[in-house]
Amino acid sequence: MIAKIALGAFLAVVMVVVGVGSYLYLGTRASKVTEPPQLPTASQPSPNAFRLPGTLVLEQGGALYGLSFGRFHQLTRPQGWMQPSFLPDGNLLVIKRSNVYSDVWKLSRLGQPLKQLTNNAAPRSSYDIGDNHWVFYPRVTPDGKQIFLSYDKPKFGYEVDLSIWSMPVNGPLKSGRVWTDEADAPGYTGGDLQPVPVPGGVVYTRYDRNLDGTIFSQVWYSNRAGSFGHALTSPAADCREASFNPSFKYIAMICTYGAQVSNLVIAPYGGGKIGRLQTVISNQMVAEPTWSPDGTGIAYLAPAIVAEPFQLWFIPVAAYFQPSPSPSIAPSGSPSASPSASPSPSPSPSVSPSPAPKVKPIQITQYNGFDATSTLAWAA
Amino acid sequence: MLGFTPGRRARASRRRLNPLRSLVISALAVILAAASGSLAYFLPAAMIAFNASGASIDLPSPSPTSILFSPTPSASSAPTVATSGAFTVLLLGSDDDSKFSGDRVLTQSMILVRVVPSTKQVTMLSIPRDLWAPLATGGTGKMDWAYSYGGARAAIATVQADFGVHINDYIWVGLLGLIRVIDVIGGIDIVTSNPVLDDYYPLDVNTKSLYGYQRIAVLGGPQHLDGTHALEYVRSRHNDLQSDFGRSRRQQQVLLAIRAKSKLLSAEDIPSLAQAIGGEIKTSISLDKVASLLPLAASLDNPANIHTIVLASPYTHGGAPDGSLWPSWGLILPLVHQYFP
């Protein structure tokens, strides 16, 4: 009798343990896709991992983080800081974005706010939310005197397109000049973004539309205010997010060729013209390519697994350099070693180039979720 | 008298544990406990899914508007898609915030999806919400009125009659449903076609001021979007020259991104997914059919086999009543019958 009671009690305990255990076990079997990205300071790169030279500043969740000597350091609190770039004096030029407007700020290299350079909040007396303004992607000229940026002025009713502006490095934006006036362009595309000052002008991303209404992006060059300049890439290549090596002899950018992927391509550059595009990474979700200060490689953001948040990567690019860059007539749209593909109108499927990479990219982070619309700032 | 009597021995024997019987009882207990734990894990999801799925809809046979429909597409038209085991689902998306009551909502998004399992081909056709067409509930009006007049049945009947297609099932998703689905799968990766900037985007989700506006700026290029920003990307139409057509293209993009992300999910994710979307999704697809479709959804991974169609010009043109669009049925119907035979 005692043995049966003991067995019953034992089985009761076992049943509770197994029942709860199976419930908990199933919970652990759930995929990790819903887990939020870890903070860069909480999941540091492995001590044995590849170390990027200099200091790289990037954004996650509205906070800026600096990566130097293989360790992340938090520079700002998560308050909408984004799109950092370095000033010649080593300080940072960044955007602070709120829900309805954004402004350019100057921060110290350690992330301390030094000066607010624009004021895009609507006047207190305004009842129209449209009186607020957006400004994005500030970049200083090599001589440190001017700042180029994307600004949503002028606006026309519902049409909110960004134009390229320049302003004195200490502001205000009121004394700035419009370089690409979206009032003179086909509207409702998003406009002109991501200006990069280059010797003699500015290179930027321009959004335009095909005859069938589909929107594409092109990399353009302009050498004077009030002029859109000319395109460096073809509409079919759908390129954007230009970055230059330190000598301004090579350009890196991403091109989609009309597909839901973005290829990293590089090309020789000189005098407002680019040479033949060469694909470095194909059929991945590459974003924000940024040339290293020593010109040996490109850092970029991309998911490690399809559909996951963006991680930091680096790829050495010396193997891709042509012996003598010889810029050809712009625009150039076809990558070498791959067929040109046009963003064909629906319902035809899109075709993407797929050359194999020569050099294997190096994954720097694994569990973070960097903002792929925020530029990377990299200084020696 | 010393020793046990035979009767005592028998009773003692009954009191002793039979090892085999004990083992069987123990095994049954363990199995029962494991099953109970699993049931407890999946039961809430099953109940939510049961409530959301299998909505009975008496689907009428397609009866294309005889005046508009040309029943015999020309022999020279492109070859039709193979039909073995193919099925068509109507995806409906609605603003279902508190400005509206119950099922009296408009369908901001209507997408016909045809899946051909044998060839793993998918075709998505976005129907303009402003298309001026005969409604199954009577009269003529914008396509998005049909759901508000008669729910899913009216929307399906209208699409079937006007486009001459047979719809097997429907899925309806509310605004919060889309946000929650994307959040619960951990966001999606997408190459946004262009910056979407809107000064007067509706401020009607998770707010008390249902008629307010907010500014949005979804920047262009590759990025990881959470549910709120994905909704902003697909819902805004003020800053798009093509208005609803541009929005339709963005909606198709996001649907494909959700499909890509869903391939990373496992069966154990179903409870959290069901809990997140409870009440924000309705479908006529039964639970067992959903289970059978999951492997198929995972196998549809060749972008070349996914066709997206938007009925922009010349298929439609402006000038219809109430700012709506006139359909060019002579162009639309051959196209529809090519991809939705």
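Predicted model: local features only at pLDDT ≥ 70, side-chain atom pairs only at ≥ 80, totals over all residues.
Buried residues make up 49% of the 380 residues in chain A, where a residue counts as buried if 20 or more other C-beta atoms, placed from the backbone, lie within 10 Å of its own, as exposed at 12 or fewer, and as partly exposed in between. For chain B, the buried share is 45% of 341 residues.

Residues are numbered from 1 along each chain as its sequence is written, and chains are lettered from A and ligands numbered from 1 in the order in which they are written.

Let me begin with confidence. The model scores ipTM 0.86 and pTM 0.82. Per residue, the predictor's confidence is given as pLDDT, from 0 to 100. Chain A averages 87, and 89% of its residues score at least 70. Within chain A, the lowest mean, 45, belongs to strand E24 (residues 335-336), and the highest, 98, to strand E4 (residues 81-86). Two stretches of chain A call for caution. Over residues 324-331 of chain A the pLDDT is below 50, and the model gives this stretch 25 contacts beyond near neighbours in sequence. Residues 333-354 of chain A also stay under 50, with 65 contacts beyond four places in sequence. Here, two residues are in contact if their C-beta atoms, placed from the backbone, lie within 7 Å.

Chain B has a mean pLDDT of 80, with 80% of its residues at 70 or more. Its helix H1 (residues 6-15) has the lowest mean, 61, and its strand E10 (residues 221-225) the highest, 96. Residues 62-82 of chain B remain under 50, and the model has 32 contacts for them beyond four places in sequence.

Turning to the overall make-up, chain A has one helix and 26 strands, whereas chain B has nine helices and 14 strands. These elements are DSSP runs numbered from the N terminus, with helices (H or I) of at least four residues and strands (E) of at least two. Of the contacts in chain A with a separation of 6 or more, 49% join residues 24 or more positions apart; in chain B the corresponding figure is 70%.

How do the chains meet? In the interface, 62 residues of chain A are in contact with 64 residues of chain B. On the chain A side, the elements giving two or more residues are helix H1 (2-29) and strands E13 (201-209), E14 (215-222) and E16 (239-244). H1(A) gives the most, with 14 residues. By class, the chain A side divides into 35 nonpolar, 19 polar and eight charged residues; Ala, Val, Leu, Ile, Met, Phe, Trp, Tyr, Cys and Pro count as nonpolar, Asp, Glu, Lys and Arg as charged, and the others, Gly among them, as polar.

I now come to helix H4 of chain B. Seven of the 10 residues of H4(B) are buried, so this helix is largely enclosed by the rest of the structure. The buried residues of H4(B) include Leu175(B), Leu178(B) and Ile182(B). Just after H4(B), Gly186(B) takes a positive phi of about 85°.

Which helices pack against H4(B)? One is H7(B): the axes of H4(B) (residues 175-184) and H7(B) (residues 270-277) come within 8 Å and cross at roughly 160°. The two are therefore roughly antiparallel, a term for angles over 145 degrees, with under 35 being roughly parallel, 65 to 115 roughly perpendicular and the rest oblique. Axes are lines fitted to C-alpha atoms, for helices over the stretch in contact, and angles run from 0 to 180 degrees between N-to-C directions. Gly177(B), Arg180(B), Val181(B) and Val184(B) of H4(B) make the contact with Ser272(B), Leu273(B), Ala276(B) and Ile277(B) of H7(B). H7(B) is itself mostly covered, with six of its eight residues buried.

The other is H5(B) (residues 227-235), which packs with H4(B) at an angle of about 130°, with the axes 8 Å apart. That makes H4(B) oblique to H5(B). In this contact, Leu175(B), Leu178(B), Ile179(B), Arg180(B), Ile182(B) and Asp183(B) of H4(B) meet Gly227(B), Thr228(B), Ala230(B) and Leu231(B) of H5(B). These residues divide into six nonpolar, two polar and two charged.
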